[in-house]
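Colleague: Please take one part of this model and go through it closely, with the cut-offs stated. I would like to see how that part is connected to the rest.

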Amino acid sequence: VYWLSYLIPRDKKTWVFGSTFGRRFADNPKYFYLYVNQMKSDEVRAIWITKNKEVYYELSSNGYEVYLLKSVKGFFYSLRAGVYFYDNYSKDICFSLSGGAKKINLWHGIPLKKIQMDNKFDKVRHPENLLRKLYWFPRRYTDEKPSHFVLTTSAKLIPIFSSAFGTQNVIVSNYPRND
């Protein structure tokens, strides 16, 4: 399904947001979503995609555009959105439908410890043998697709984020939740 999703035309003005594997309305995607809805709603259609019915009811009752992933509209907008904003992986929204979308990782912290690919003790990213590599393949496949862009808070963190996330496209800015 992931590779087939590349065939669907993307709408650059439709942005989908998600956090914490689709379970929460939180962190940097939350605050950027609120900002886009308040300040850029005439330029961009911001949609929150969630797997959590409580998040769905909270946002919809406050007038925000939100869809459950396992609904027709959730599926449709996940497939058509031109941009994915998330704080962990594209599966915060829907990895399987993200092919062809720009993926922007707003991350959720600073590397006080080794993170992502730099964490040599992570058995998922650095399996000790072929059997473990095969065992963790499905998770690695959905976790490790590089984001097109990753957000960090300091130019000094660019090499760390580049290494950890496997991208040269590191954006330096304040985190939305702090602004």
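Modeller: The answer below starts with helix H1 and the residues that meet it, and then turns to some other parts of the chain.

This is a predicted model, in which local features need pLDDT of at least 70 and side-chain atom pairs count only at pLDDT 80 or more, while totals for chains, interfaces and linings use all residues. Residues are numbered from 1 along each chain as its sequence is written, and side-chain values use heavy atoms, with hydrogens and water left out.

H1 has 13 residues and spans 19 Å from its first C-alpha to its last, close to the expected 18 Å; the expected span is 1.5 Å times one less than the number of residues. The buried residues of this helix are Asn 28, Pro 29, Tyr 33, Leu 34 and Val 36. Buried means under 20% relative accessible area, exposed means over 50%, and partly exposed is in between (1.4 Å probe, protein chains only). Strands S1 (11-17), S2 and S4 (81-86) are what the buried residues of H1 pack against, where contact means heavy atoms within 4.5 Å.

The loop between S1 and H1 includes Ser 19, which counts as buried at 0% relative accessibility. Leaving aside neighbours within four places in sequence, Ser 19 is in contact with Arg 24, Ala 26, Asp 27, Pro 29, Trp 48, Asp 87 and Asp 92.

Two of these contacts, Arg 24 and Asp 27, also form a salt bridge, with the closest N and O atoms 3.0 Å apart (a side-chain nitrogen of Lys or Arg within 4 Å of a carboxyl oxygen of Asp or Glu). Arg 24 counts as partly exposed at 40% relative accessibility. Asp 27 has a further salt bridge to Arg 177, at 3.3 Å between the closest N and O atoms. Asp 27 is in H1 and Arg 177 is in the segment after strand S7 (170-172), so this pair ties together parts that are 150 residues apart in sequence. Arg 177 counts as partly exposed, at 32% relative accessibility.

The structure holds four salt bridges. One of them joins the side chains of Glu 65 and Arg 45 at 2.5 Å, N to O. Glu 65 lies in the loop between helix H2 (53-61) and strand S3 (66-68), and Arg 45 in S2, so the pair ties together parts that are 20 residues apart in sequence. At 33% relative accessibility, Arg 45 counts as partly exposed.

Next come the aromatic side chains. A pair of aromatic rings is described by the distance of the centres and the angle of the planes. Rings of Phe, Tyr and Trp (for Trp, the six-membered ring) pair if their centres lie within 6.5 Å, with planes under 30 degrees apart counted as stacked, over 60 as edge-to-face and the rest as tilted. The structure holds 22 aromatic pairs. The rings of Trp 3 and Tyr 6 are stacked, because their centres are 5.7 Å apart and their planes are at 15 degrees. Trp 3 is exposed, with a relative accessible area of 55%, whereas Tyr 6 counts as partly exposed at 41%. Tyr 33 and Trp 48 form an edge-to-face pair, because their ring centres are 5.4 Å apart and their planes are at 70 degrees. Tyr 33 belongs to H1 (residues 27-39) and Trp 48 to S2 (residues 45-50), so the pair ties together parts that are 15 residues apart in sequence. Tyr 33 counts as buried at 0% relative accessibility, and Trp 48 is buried with a relative accessible area of 0%. Ring pairs link both into a cluster with Trp 15, Phe 17, Phe 25, Phe 32, Tyr 35, Tyr 64 and Phe 85.

Ser 147 counts as buried at 10% relative accessibility. Apart from neighbours within four places in sequence, Ser 147 is in contact with Tyr 86, Lys 103, Asn 105 and Thr 167.

Helix H5 (residues 158-165) has Phe 161, Ser 162, Ala 164 and Phe 165 as its buried residues, and these pack against strand S5 (102-105), S6 and S7. H5 is followed by Gly 166, whose phi is positive, near 65 degrees.

Note on methods:
Helices (H or I, at least four residues) and strands (E, at least two) are DSSP runs, numbered from the N terminus.
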